[in-house]
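Subject: Structure handover

Hello,

Here is the structure I promised to pass on. Please open it alongside the notes that follow.

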Amino acid sequence: MPETGLNLSGGTAPLDCIEKPLAQEGFAFLQAASMRPILQGFGLADWDQFTASWNDLGCDRYMADGGRYRRRRYATFSLSDQEILRKPHQPHYQSRDYNTLNGGIERWFQPVLPEIGKNPALLSILKLMHRLAVDMTPAKQRPPAWHAEIHQFRIEASKDAAGQPTPEGLHRDGVDWVCVVMIRRENIARGETSIHDLNRQRVGGFTLTNPLDTAFVNDSRVYHGVTPVQAVNPALPAYRDVLVVTLRHE
């Protein structure tokens, strides 16, 4: 059943540091020192509880490459001017036009835990994404509500194999807006994000390194991809935790 609606008030400060590069380049990268106060304006709290939930993700068993290096949970929400409403659990679907590796099928992942779906850290990110989508979309093209999908990802590297944050390679997601928030890097190297225009020419790159380093992408204007992550010390656990939020017209 959908959860009780949650008000979207808050976050009235200008967001030029995100919206200007999004408008000009189709993407924006904010380091944690800039991202944290923005999210605090939208009610950021209980970060430790939020990030600890990445230790309880299910194995992604839909990897067409046979890999067992990705863990995840998944949830969907409706975002409007009035509320954030969690939707009943549903499969994640991408066409093969956007995901040549794993697309074309319904993929049922374990749901985001109820308490994490209500966590203030997650809600602050959803509120920010709603604000950006409204600000960046001409009034006549704004939907009454946005369909939001959230993915908790852990990409694991082992002594025998690298972890693939984007196993489908350079791609678009088939949505309107994408946000990737770094949760934690543990004992890994690499994991550089690259941004490419619609002719697949590289136009930017950066590495999400610290918790709350964040990337924003206009999915209609650019492709994105992430290089494999490798264990620094193969004898110890090695992983990359991120939150991915996508928005599209509902």
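Start with Asn187. With a relative accessibility of 18%, under the 20% limit, Asn187 counts as buried. Keep in mind that this is a predicted model.

Asn187 sits in the loop between strand E8 (177-186) and strand E9 (188-190). Its backbone stands out too: phi is positive, about 60°, although Asn187 is not a glycine.

Asp46 is another non-glycine residue with a positive phi, here about 55°. Look for Asp46 in the loop between helix H2 (32-41) and helix H3 (47-52). Is Asp46 buried, partly exposed or exposed? Its relative accessibility is 45%, so Asp46 counts as partly exposed.

Next, the aromatic rings. The structure holds 5 aromatic pairs. One of them is Phe27 with Phe206, a stacked pair. The ring centres are 6.3 Å apart, with 25° between the planes. This pair links distant parts of the chain. Phe27 belongs to strand E1 (residues 27-30) and Phe206 to strand E11 (residues 202-207), and 179 residues separate them. Phe27 is buried at 12% relative accessibility. Phe206 is buried as well, at 8%.

Phe50 and Trp54 pair in another way. Their planes stand at 85° and their centres are 5.1 Å apart, so this pair is edge-to-face. Phe50 is buried at 1% relative accessibility. Trp54 is also buried, with a relative accessible area of 1%.

Which residues do ring pairs link into a cluster? They are Phe27, Phe29 and Phe206.

Two arginines lie over ring faces. Arg72 is over the face of Phe109, 3.8 Å from the ring centre. Arg154 is over the face of Tyr239, at 3.7 Å from the ring centre.

Last, helix H5. H5 covers residues 120-136, which makes 17 residues. From first C-alpha to last, H5 reaches 24 Å, close to the 24 Å expected at 1.5 Å a residue. Why is H5 described as largely enclosed by the rest of the structure? Because 14 of its 17 residues are buried. The N-terminal end of H5 is capped by Asn119. There, a side-chain oxygen of Asn119 lies 2.7 Å from the backbone nitrogen of Ala121.

Over to you.

Best wishes

Technical notes:
Residues are numbered from 1 along each chain as its sequence is written. This is a predicted model: local features need pLDDT of at least 70, side-chain atom pairs count only at pLDDT 80 or more; totals for chains, interfaces and linings use all residues. Side-chain values use heavy atoms; hydrogens and water are left out. Helices (H or I, at least four residues) and strands (E, at least two) are DSSP runs, numbered from the N terminus. The expected span of a helix is 1.5 Å times one less than its number of residues. Buried means under 20% relative accessible area, exposed over 50%, partly exposed in between (1.4 Å probe, protein chains only). A polar contact is a pair of N or O atoms within 3.5 Å; within protein, one must be able to donate a hydrogen and the other to accept it, and residues adjacent in sequence count only if both atoms are side-chain atoms. Rings of Phe, Tyr and Trp (its six-membered ring) pair if their centres lie within 6.5 Å; planes under 30 degrees apart count as stacked, over 60 as edge-to-face and the rest as tilted. A charge sits over a ring if NZ of Lys or CZ of Arg is within 6 Å of the ring centre and within 35 degrees of the ring normal.
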